[in-house]
Amino acid sequence: MGISENHQQSAGKKSMALRAAWIVPNVLCYFLLIYIGVFVGKNAEGLEEINRLGIWLFMLIVMFMVSVFGTFRIVYWIKKGKL
């Protein structure tokens with residue numbers, strides 16, 4: 001095992017840690033999106049009564065866009081070899 005092989009293994013471990021550091025929050029973002037969706041679905045009538053349904057739907061749409069954008073960005077970085 002030479003220095004070059006050791007360096008490649010070290011870089012591979014760092015790369016996997018970096019991938020995990022980006023992928024785990026993205027997955028958690030999807031879980032939050034699902035949770036907010038269920039919350040809005042169950043409480044839609046009450047939120048509409050207090051005129052907050054529009055705000056929650058806006059947050060749901062923004063959360064969806066952030067999640068999808070994050071996924072595309074991570075996939076792009078992996079394909080480019082940056083991640």
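**Nonpolar core, surface patch and aromatic pairs**

Trp56 is partly exposed, with a relative accessible area of 25%; buried means under 20% relative accessible area, exposed over 50%, and partly exposed in between (1.4 Å probe, protein chains only). The model is predicted, so local features need pLDDT of at least 70 and side-chain atom pairs count only at pLDDT 80 or more, while totals for chains, interfaces and linings use all residues. Residues are numbered from 1 along each chain as its sequence is written, and side-chain values use heavy atoms, with hydrogens and water left out.

**Nonpolar core**

- The largest nonpolar core comprises 8 residues: Cys29, Leu33, Ile36, Val40, Leu47, Leu53, Leu60 and Met63. Such a core is a set of buried Ala, Val, Leu, Ile, Met, Phe, Trp, Tyr and Cys residues joined through side-chain atoms within 4.5 Å.
- At least two residues of this core come from each of α1 (3–42) and α3 (53–80); helices are DSSP runs (H or I, at least four residues), numbered from the N terminus.
- Helix α1 gives the most to this core, with 4 residues.
- Ile36 touches Trp56 and Leu60, not counting residues up to four places away in sequence; contact means heavy atoms within 4.5 Å.

**Surface of helix α1**

- A nonpolar surface patch with about 850 Å² of accessible area together is formed by Leu18, Trp22, Ile23, Val24, Val27, Leu28, Phe31, Ile34, Val38 and Ile78. Patch residues have over 30% relative accessible area and no salt bridge, and nonpolar side chains (Val, Leu, Ile, Met, Phe, Trp, Tyr) are joined within 5 Å. A salt bridge is a side-chain nitrogen of Lys or Arg within 4 Å of a carboxyl oxygen of Asp or Glu, and accessible areas come from the Shrake-Rupley method with a 1.4 Å probe.
- Helix α1 gives the most to the patch, with 9 residues.
- Ile34, in helix α1, is exposed, with a relative accessible area of 52%.
- Leu32, also placed in helix α1, is partly exposed at 39%.

**Aromatic pairs**

- The structure holds 2 aromatic pairs. Rings of Phe, Tyr and Trp (its six-membered ring) pair if their centres lie within 6.5 Å; planes under 30 degrees apart count as stacked, over 60 as edge-to-face and the rest as tilted.
- The Trp22 and Trp77 rings are edge-to-face because their planes stand at 80 degrees, with centres 5.0 Å apart. Trp22 lies in helix α1 and Trp77 in helix α3, so this pair ties together parts that are 55 residues apart in sequence.
- Phe39 and Trp56 form a tilted pair, with ring centres 4.8 Å apart and planes at 45 degrees. This pair links Phe39 in helix α1 with Trp56 in helix α3, 17 residues apart.

Technical notes: Patches are made of residues with over 30% relative accessible area and no salt bridge: like charges are joined within 9 Å, nonpolar side chains (Val, Leu, Ile, Met, Phe, Trp, Tyr) within 5 Å.
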